Amino acid sequence: LDHSSPKPRTMARPVLVAAVILLGLSACAAESDLKAMFKEVTASNGGAWGYGHLHEHKGAICDDGGTGADLGPGCAVLFIADPDDEYNLGTVAEDQQNDFLNTFHYESAWNYHGHGFIGGTLPRAPKDIDPVCVVANVSGRMVLGYEEGNGGDLLPCPGHDHGVPFTEEMVLDGLAGKRSLEDMCDKCYWAVCTGQQSFHVNPRHCGGSGDGGVDLEDDAEFFEQVTPVYHCHLTMADEGACDWVQSEVLEDRRQYNMEYGVSCGWDKVKEYNVSYCDCTRSANRWNGCRREEATQMAYAGVVCGNCWSVGFNKNRAYESIFKPKNSADPYDGSCAAVRTATTEAGKNYAKMMCSKGIWCPSGGTGGDNCKFHCDNFGQHSQVWYDEECGQYVPDGNVENRKLLSDGSEAVTLETKFDWGSVMHEVVATGYHQMRRDADEAE
């Protein structure tokens, strides 16, 4: 990521489109449901809601000595802007817009009453993900498109073979208030994701550069925000780290002037229902999160978006959290079970499988990633012994580590939830029926 000072915005908006927007101006829209939900989560966690342009240093409440210091280490910070807010994606520097759009929000129905995910009922891209949509100028033409999360591409409609062929005239009608751009974007997103014939699909795979996607920074010129946009960042450190991340980095350096919520205790990030989140290891040093943080985040059900330096595979982590259990890949959905397992032994087993799926899926002790896994789940582990680690002994004093007894109950990633009821809709409706229902609703 480029962490230099942002470039000033020098965009020139087409005169025709500016005139269309002036004709379509209306009263201020009500606050989005998503922002209201973020506020509710922040308040329920005893956190604070702030406004970036006021530079209030709300993150300081979570650092040592602050009012939130007893709620766990670190904090989670969620910035959000509705389309009609004074400070939104259009006020973010052009070379920072892609970095701002770093996650996906998924519908709360798939977070099992706040307790975690259930393999087989995880967020499905065409049904449960709320796409982030913008209008952009691509090669002199105004197009509607949605942005992939975490630095992906802007996919114009119809950038994909299955996309809805919205014309520039239709987009201009939307800017003038004659059409709902948000509904148009939902329809496009549905068409692209369902067109891939994969019911449980990673939203990052719903269109990309191979399908006509373009880079929002280099190949397209942002024009208008259509849906709420949001950014997630966390730190697991105290001692000034929360204030530094929220104020010094995101407000001052990146100039995120929109509203935000700060929840004390980094693991509260799981309650916002976002799939990715960036991570900073300590105050006064940008990024820096390593295998430890990436693993802990996976246990909490969120992918580390910027753990680059240790060979961290984001797609592998995403599948270990969000992908339904798959007999061909025993690690799919294993991280989700860390929160949904019904026994302590089940949680421990899920932690081992989650770690192994991310760092050492082929087994053995070769390479730094496998050694990291066996440091935690080797023969002296206090949590669970992965027999494929063999006789590997980690560095340091391991004399007092407790080996899980051989007499422990047999554990799998299955849970005691009512699978039949939960999956009823999946079986009863199916892909094409859901798509027809959506078309009829339009």
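In the predicted model, the axes of helices H8 and H12 come within 11 Å of each other and cross at roughly 65°. The crossing in which H8 passes H12 is right-handed, and the contact is made by Arg291, Glu292, Thr295 and Tyr299 on the side of H8, together with Asp368, Asn369, Phe372 and Phe377 on the side of H12. Within H12, the residues Asn369, Cys370, Phe372, His373, Cys374 and Phe377 are buried, and the buried residues of this helix pack against H8 (291–299) and also against H11.

Strand E6, which comprises residues 141–147, is joined to E7 by 3 bridges, the two strands running antiparallel, and Gly145 stands opposite Pro156 in E7.

Thr280 stands opposite Gly288 in E12, and the two strands E11 and E12 form a hairpin with 2 residues between them, where Asn284 in the turn has a positive phi of about 70°.

Aromatic pairs in the model come to a count of 12. In the pair formed by Phe38 and Tyr230, the ring centres are 6.2 Å apart and the planes stand at 80°; because an angle over 60 degrees counts as edge-to-face, the pair is assigned to that class. Phe38 belongs to helix H2 (residues 33–44) and Tyr230 to strand E9 (residues 229–235), so that this pair links distant parts of the chain, 192 residues apart. Both Phe38 and Tyr230 are buried. The rings of Tyr349 and Trp384 have their centres 5.3 Å apart and their planes at 65°, and this pair is therefore edge-to-face. Because Tyr349 lies in helix H11 (residues 344–359) and Trp384 in the loop between helix H12 (367–377) and helix H13 (419–422), the pair ties together parts that are 35 residues apart in sequence. Tyr349 has a relative accessible area of 19% and is buried, and Trp384, at 14% relative accessibility, counts as buried. One aromatic cluster is formed by Phe79, Phe100, Tyr256 and Tyr260.

The largest nonpolar core has 109 residues, and those with the most contacts inside it are Phe38, Val135, Tyr146, Leu234, Val269, Met297 and Phe312. For Phe38, residues up to four places away in sequence not being counted, the residues touched are Trp49, Leu78, Ile80, His105, Tyr230, Tyr272 and Val274. Phe38 is thus named both among the residues with the most contacts inside the largest nonpolar core and as a member of the edge-to-face pair with Tyr230.

Definitions and conventions:
Residues are numbered from 1 along each chain as its sequence is written. This is a predicted model: local features need pLDDT of at least 70, side-chain atom pairs count only at pLDDT 80 or more; totals for chains, interfaces and linings use all residues. Side-chain values use heavy atoms; hydrogens and water are left out. Two strands pair if DSSP finds at least two bridges between them. Helices (H or I, at least four residues) and strands (E, at least two) are DSSP runs, numbered from the N terminus. Rings of Phe, Tyr and Trp (its six-membered ring) pair if their centres lie within 6.5 Å; planes under 30 degrees apart count as stacked, over 60 as edge-to-face and the rest as tilted. Buried means under 20% relative accessible area, exposed over 50%, partly exposed in between (1.4 Å probe, protein chains only). A nonpolar core is a set of buried Ala, Val, Leu, Ile, Met, Phe, Trp, Tyr and Cys residues joined through side-chain atoms within 4.5 Å. Contact means heavy atoms within 4.5 Å. Axes are lines fitted to C-alpha atoms, for helices over the stretch in contact, and angles run from 0 to 180 degrees between N-to-C directions. A crossing is left-handed if the near helix is turned anticlockwise from the far one by less than a right angle, and right-handed if clockwise.
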